[in-house]
Every structure is written in structure tokens, then in C-alpha cells.
Amino acid sequence: MPRDHLATLGLQPGRYSTQDIERRFQALRSATLAALRDPATHEAARRRLDALHVARAAVLASDANTPQSSGHAADSNAAAELRRLIAASLEDGLLRCTRRSTILAEGRRLGFSDFHVQLLIAEVQFRGRAVLAPPLERRRQQAGALRIGARAAAAGVLALALFLSMIRWLHV
């Protein structure tokens, strides 16, 4: 990772947690946003803001700052640890909001995104069954079958209406 990205964020070379990087970025960003309102400093502030965003993305993407940089084994161990925590926190298959917050914080500490932690929670709650929506092609097939069923039902209703009107016509 180039040192200029760290310098842009005002950090010394070293290892920083994601929260430290985000905190520093937000502080610099808020100061720069205030300078955007002044027409005299608008252009310089815009360039500074762009540089901050690029530096933040580069620093967060670098291997030196990722909590799990030792490979897939560490990721699977962290995921297994998180699954055990989730399973221990369930009450009658449900997870209380306060415990969910604790699990999300632990997942962030282990290097998982909130979305990934939510998927792990759902996986543990549903005992390993698939929790994501079926693939698009399968949904299209299901929609096609539903359309065919709806057409058949509409044809049946129309046939019944014709039958009843014929009976009425014959008896009048």
C-alpha cells in the first residue's frame, strides 16, 4: 500500500483497525465538507474529498489492514466461532435484538460484513437450509407455471359461466 494513502488520511505507516480508519476518514470528511460550502475553497475541497475517498478505499482494501489475512482456514475458523456464538444465543429458535447487536459487533471484530453475519444468523436459525432466494431461472419457471395455472383457472371459470348461461337460456 503506498504511503501517500496513509498520509492523506493523516496516519503513520502501520496496522489500523477498520474502525480507526473509518473514524479518521469521517473526521477529515466532515471538515472537508464544511469547506465545500465556501465558493473560494470549493474546488480544492472537492479534490481533497476525492483524495480522501480514494485513500480510504485503498487502505481498507489493503491486505495489511484486513483482520483475516491468513487465508481460508482462518475465515472458516472465525465463521465456525461465530456460528457457535449464534447457536448459543438462540432462544426457541429466535434471536433477541440485543444479542443480535452483540453478534454483529463480534462479526465485525472478526472481519465479516454485517450482511455476511446476518446470513450466518439465518443459516443457524434455519439449521443449514438455504436462506437465499432461488436462482432467477428457477423463479421464472415457477412464474411460468403459475401463469399456466391462472390461465387454466380462467378458462374453467369462463366455461362454467357459459354452461350456466346455457342452462338459464334453455329453461326460460
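In helix α3, the residues Ala 45, Leu 49, Leu 52, Ala 55 and Val 59 are buried (under 20% relative accessible area, against over 50% for exposed and partly exposed in between, with a 1.4 Å probe and protein chains only). They cover an arc of only 130 degrees around the axis, taking the directions from the helix axis to the C-beta atoms, so they sit on the same side of α3. Please keep in mind that this is a predicted model, where local features need pLDDT of at least 70, side-chain atom pairs count only at pLDDT 80 or more, and totals for chains, interfaces and linings use all residues. Residues are numbered from 1 along each chain as its sequence is written, and side-chain values use heavy atoms, leaving out hydrogens and water.

**The chain as a whole**
- Along the sequence, the pattern reads α-α-α-α-α-α-α.
- Of its 172 residues, 20% count as buried.
- Among contacts (heavy atoms within 4.5 Å) in the protein chain with a separation of 6 or more, 54% come from residues 24 or more positions apart.

- Helix α3 (residues 42–61) has 20 residues, which at 1.5 Å a residue should span 28 Å; the expected span is 1.5 Å times one less than the number of residues. Its end C-alpha atoms are 29 Å apart, which agrees.
- Helix α2 (residues 18–36) has 19 residues and should span 27 Å, in agreement with the 26 Å between its end C-alpha atoms.
- Buried residues in α2 are Ile 21, Phe 25, Leu 28 and Thr 32. They cover an arc of only 75 degrees around the axis, and therefore lie on the same side of α2.
- The axes of α2 and α3 come within 9 Å and cross at roughly 170 degrees; axes are lines fitted to C-alpha atoms, for helices over the stretch in contact, and angles run from 0 to 180 degrees between N-to-C directions.
- That makes α2 roughly antiparallel to α3 (angles over 145 degrees, with under 35 as roughly parallel, 65 to 115 as roughly perpendicular and the rest as oblique).
- The residues making this contact include Phe 25 and Leu 28 of α2 and Leu 49 and Leu 52 of α3.

**Helices α5 and α6**
- Helix α5 (residues 97–110) and helix α6 (residues 114–125) pack at an angle of about 125 degrees, with their axes 9 Å apart. The two helices are therefore oblique to each other.
- Arg 100, Ile 103, Leu 104, Gly 107 and Arg 108 of α5 make the contact with Asp 114, Val 117, Gln 118, Ile 121 and Gln 125 of α6.

- His 5 lies in helix α1 (residues 3–8) and is buried, with a relative accessible area of 17%. Apart from its neighbours within four places in sequence, His 5 is in contact with Val 54, Ala 55, Ala 58 and Val 59.
- Thr 18, in helix α2, is partly exposed, with a relative accessible area of 33%. Its C-alpha atom is separated by 8.9 Å from that of Gly 111, 93 residues apart along the chain.
- Gln 118 belongs to helix α6 and counts as partly exposed at 31% relative accessibility. Leaving aside neighbours within four places in sequence, Gln 118 is in contact with Arg 100 and Leu 104.

Definitions and conventions. Helix = DSSP H or I, 4+ residues; strand = E, 2+ residues; numbered from the N terminus.
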